[in-house]
Amino acid sequence: MAPKPSPLFSLILLFLLPISSQETLSPSASGQKPSPFGFIKDLQGSDKGDKVEGIHKLKKYLEQFGYLSYNSHSKGQIDDDYLDDLLQLAIKSYQTNYHLKAIRNLDSEIVTMMTIPRYGVANVISGTNWMQSSKNQGHRHGLLHTVSHYEFFPGSPKWEGSNVNLTNTFLPVTRANAKIPVSKAFDKWASATCFRFAQTQDYRNGNLMVGFYWLFHGDGNRLMAPVEP
């Protein structure tokens, strides 16, 4: 019988869903939802000084993720369809962050990257470019950029390699309709790994404790914020 893991180990699941916009919620013929950022494909090839329908959506996209900010005198430019100087600089910053050719226009590389569904947290917050400040810790996995922001529990406890039969539990306040997708996620996890999970009502002694929390992450926005075109 495998030794029981310490109850110090708990699991907090934060579901970062792809951002959706109101005009792209209908499924495609294949049954898959199209990218909420599909409008960017129509802007490919745009360069400084161009006026192209849909540029204002791109401005709001880059504003949402911290790359673009108009001052009080030029705030009206956020709603026009001109590729102006500030937008060109924002495009270059985006290209630099994602290790693309920084050519300041909308080539195929940046369009492909921008149309990938992503989380709602900004890359640039209050003037700090977190992707650049963390470049020594960053890792690239396929099309995703991940950064090692973590800390250990007090005493830096380690997981025993023999602990593969685990119990999972929910905090008592967890709604019933929130448990179903989490349980499915555990089943999916078990199907792809050596771990096996069994739900228990003993939330104080379960190996994995699942809870849902409201958190403030420092930029004044919600954890998941949709981009309105």
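This is a predicted model: local features need pLDDT of at least 70, side-chain atom pairs count only at pLDDT 80 or more; totals for chains, interfaces and linings use all residues.
Confidence comes before anything else. The mean pLDDT of the chain is 75. Of its residues, 69% reach 70 or more. Two stretches call for care.

Now to H1, residues 55-64. How much of H1 is buried? The count is 7 of 10 residues, so the helix is largely enclosed by the rest of the structure. Here are the names. The buried residues are Ile55, Lys57, Leu58, Lys59, Tyr61, Leu62 and Gln64. Note that two lysines, Lys57 and Lys59, are on that list. What do the buried residues of H1 pack against? They pack against H2 and against helix H3, residues 108-114. Just past the end of H1 comes glycine 66, with a positive phi of about 90 degrees.

Next, H2, residues 85-97. Start at its N-terminal end. Aspartate 84 is the cap. One of its side-chain oxygens lies 3.2 Å from the backbone nitrogen of leucine 86. Then the length. Which residues of H2 are buried? Leu87, Gln88, Ala90, Ile91, Tyr94, Gln95 and Asn97 are. Just after H2, histidine 99 has a positive phi too, at about 60 degrees.

To close, back to the packing: H2 is one of the partners of the buried H1 residues, and H3 is another.

Key
Residues are numbered from 1 along each chain as its sequence is written. Side-chain values use heavy atoms; hydrogens and water are left out. pLDDT is the predictor's confidence in each residue, from 0 to 100. Buried means under 20% relative accessible area, exposed over 50%, partly exposed in between (1.4 Å probe, protein chains only). Helices (H or I, at least four residues) and strands (E, at least two) are DSSP runs, numbered from the N terminus. A polar contact is a pair of N or O atoms within 3.5 Å; within protein, one must be able to donate a hydrogen and the other to accept it, and residues adjacent in sequence count only if both atoms are side-chain atoms. Contact means heavy atoms within 4.5 Å.
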